[in-house]
Amino acid sequence: QVQLRESGGGLVQPGGSLRLSCALSGSIFTYYTMGWFRRAPGKEREFVAAITRNGGSTAYADSVKGRFTFSRDNAKNTVYLQMSSLKPEDTAVYYCAARNAGYERRTYTADYEYHYWGQGTQVTVSS
């Protein structure tokens, strides 16, 4: 059974940085296109970033473009979301998601397109 485990959340001041990690277990990591989503208090879950199976292509929400970097280490079955220049509006629970992509080589930005989800990790940006 596929399991996703996020880590790296916490409290950071505006302008600071954090790196989130998400490890996949229970299947072959390279089968999966990966994504990050977030849910802020009182808001719906929204797309943050996505990466293809081989890491060759990424996609970002406009709100994080240029500040966040999504990468993957297929040898470690892990993806990383490097977040910089954080703003209070980045405060949310961040969720890692995986889609069994078969032979597809594209990113996905809709949450219904993902098959597995982690429990989430809290990121709070506040002074």
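Reply: Among contacts in the chain (heavy atoms within 4.5 Å) between residues at least 6 apart in sequence, 60% join residues at least 24 apart. The model is a predicted one, in which local features need pLDDT of at least 70 and side-chain atom pairs count only at pLDDT 80 or more, while totals for chains, interfaces and linings use all residues. Residues are numbered from 1 along each chain as its sequence is written, and side-chain values use heavy atoms, with hydrogens and water left out.

The chain holds 11 strands and zero helices; strands are DSSP runs of E with at least two residues, helices runs of H or I with at least four, numbered from the N terminus. Its radius of gyration, taken over C-alpha atoms, is 14 Å, close to the 14 Å from the globule rule for 127 residues, so the chain is as compact as a globular protein of that length. That rule is 2.2 Å times the number of residues to the power 0.38. Along the principal axes, the C-alpha trace spans about 45 × 30 × 25 Å. Of the 127 residues, 46% are buried, meaning under 20% relative accessible area with a 1.4 Å probe, protein chains only.

At the end in question, Gln1 lies in the segment before β1 (3-7). Gln1 counts as exposed because its relative accessibility is 81%, the cut-off being over 50%. Leaving aside residues up to four places away in sequence, Gln1 touches Ser25 and Gly26.
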